[in-house]
Amino acid sequence: MQEDSKTLDTFLRFCYPSTLAEDPSLDNLTDILVILAAARKYSLDLIERKVCQALANPKVLEAEPLRCFAIARNARLKQETMTAARYTLRLPLIPVWFAEVELITSSELLALLTYHKKCSIAVEPLLANLHWVETHYGSTGGCSWLFPTQSTQTVTDSYYGHVTTSQSECCARSSAAEFKLWTSAAPVAWWATYMKETFEMLKDRPSGDNVRAEVEKTIQKVRSAGCHICSPRVKENMEEFSNLLALKVEEATTPIKLEVEF
């Protein structure tokens, strides 16, 4: 056997009966690569299946989707390759260099980048046509937080007992025609800004998970503005909306196929 001592130790522990030893951890992609190679070398299908399960571990995929893709593609693991390709949508279109890129051909890398670009294009209609927002909420009453009205604040001076009232205009409305809902309803400007920034991000990283992760920035911006109408409700409302948008992104990108042969 030509495997080093670490590989041999991990390999043999997979072979022990489960009552004698637990399966070794395969959180390290380098370990996954060498153990997979050894399992195939000695035709041990059970160990190969366990290694494939480790390659599909969400924790590993979230940390190193490109490396997972290269290893899975090199090993001709169809499901693991497709899963890793979807996780790469969380990253920018142009990847940074990684050692495992040498495991795949230039054609396979091009196929991955083409898949990524097609997913970005598939998301664009969601901004061009906001009918999905209107369908979800039904009317302006279903998303009143997007269309807050002017409110009256009453303040009583604790020393003199004077009572004063003031009209407080909520966060400014957007004048951009592309963000009007139900033909003429203008939403708050901060939501229009959120939509612009989010779809700009999706051009490079077309993943629903990114939508969910980025919404916190808008929540903090609105709270820091101090609007007494928007601030108390922004977290609940925007987390719900970001989940809706993330779902629509996933629905748009799911039909896109990675065009490689297995």
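This is a predicted model: local features need pLDDT of at least 70, side-chain atom pairs count only at pLDDT 80 or more; totals for chains, interfaces and linings use all residues.
**The whole chain**

Start with everything shown as a cartoon. The protein has 12 helices and two strands. Read from the N terminus, the elements run α-α-α-α-α-α-α-α-α-β-β-α-α-α. Now colour by accessibility: 42% of the 262 residues count as buried. Turn to the contacts with a separation of 6 or more, and 66% of them are accounted for by residues 24 or more positions apart.

**Helix α5**

Select residues 65-74, which make up helix α5. How many of its 10 residues are buried? The count is nine, and the helix is described as mostly covered. The buried residues are P65, L66, R67, C68, F69, A70, I71, A72 and R73. Note that R67 and R73 are on that list.

**Helices α10 and α11**

Next select residues 189-204 for α10 and residues 208-225 for α11. Their axes lie 11 Å apart, and the two helices pack at an angle of about 150°. Because angles over 145 degrees count as roughly antiparallel, α10 is placed roughly antiparallel to α11. The crossing of α10 and α11 is right-handed.

Show side chains where the two helices meet. On the α10 side, select W190, Y194, E197, T198, M201 and L202. On the α11 side, select N210, V211, E214, V215, T218, K221 and V222. As background for looking along any helix, an α-helix has 3.6 residues a turn, so residues three or four places apart point the same way.

**Aromatic rings**

Hide the rest and keep the rings. A pair of aromatic rings is described by the distance of the centres and the angle of the planes. The count here comes to eight aromatic pairs. Take F179 and W191: their ring centres are 6.3 Å apart and their planes stand at 80°, so the pair is edge-to-face. F179 is in the loop between β2 (163-168) and α10, while W191 is in helix α10, so this pair ties together parts that are 12 residues apart in sequence. Are these two residues buried or exposed? F179 is buried, with a relative accessible area of 1%, and W191 is buried with 0%.

Move on to Y194 and F241, another edge-to-face pair, with 6.2 Å from centre to centre and 70° between the planes. Y194 lies in helix α10 and F241 in helix α12 (residues 231-253), so the pair ties together parts that are 47 residues apart in sequence. Y194 is buried at 1% relative accessible area, and F241 is buried at 0%. Y194 also takes part in the contact with α11.

Now select W132, Y137, W145, F179, W190, W191, Y194 and F241 together. Ring pairs link these residues into a cluster.

**Last stop: S175**

Go back to the loop between β2 and α10 and select S175. Is S175 buried or exposed? With a relative accessible area of 71%, S175 is exposed, whereas F179 in that loop is buried.

Key
Residues are numbered from 1 along each chain as its sequence is written. Side-chain values use heavy atoms; hydrogens and water are left out. Axes are lines fitted to C-alpha atoms, for helices over the stretch in contact, and angles run from 0 to 180 degrees between N-to-C directions. Helices (H or I, at least four residues) and strands (E, at least two) are DSSP runs, numbered from the N terminus. Angles under 35 degrees count as roughly parallel, over 145 as roughly antiparallel, 65 to 115 as roughly perpendicular and the rest as oblique. A crossing is left-handed if the near helix is turned anticlockwise from the far one by less than a right angle, and right-handed if clockwise. Contact means heavy atoms within 4.5 Å. Rings of Phe, Tyr and Trp (its six-membered ring) pair if their centres lie within 6.5 Å; planes under 30 degrees apart count as stacked, over 60 as edge-to-face and the rest as tilted. Buried means under 20% relative accessible area, exposed over 50%, partly exposed in between (1.4 Å probe, protein chains only).
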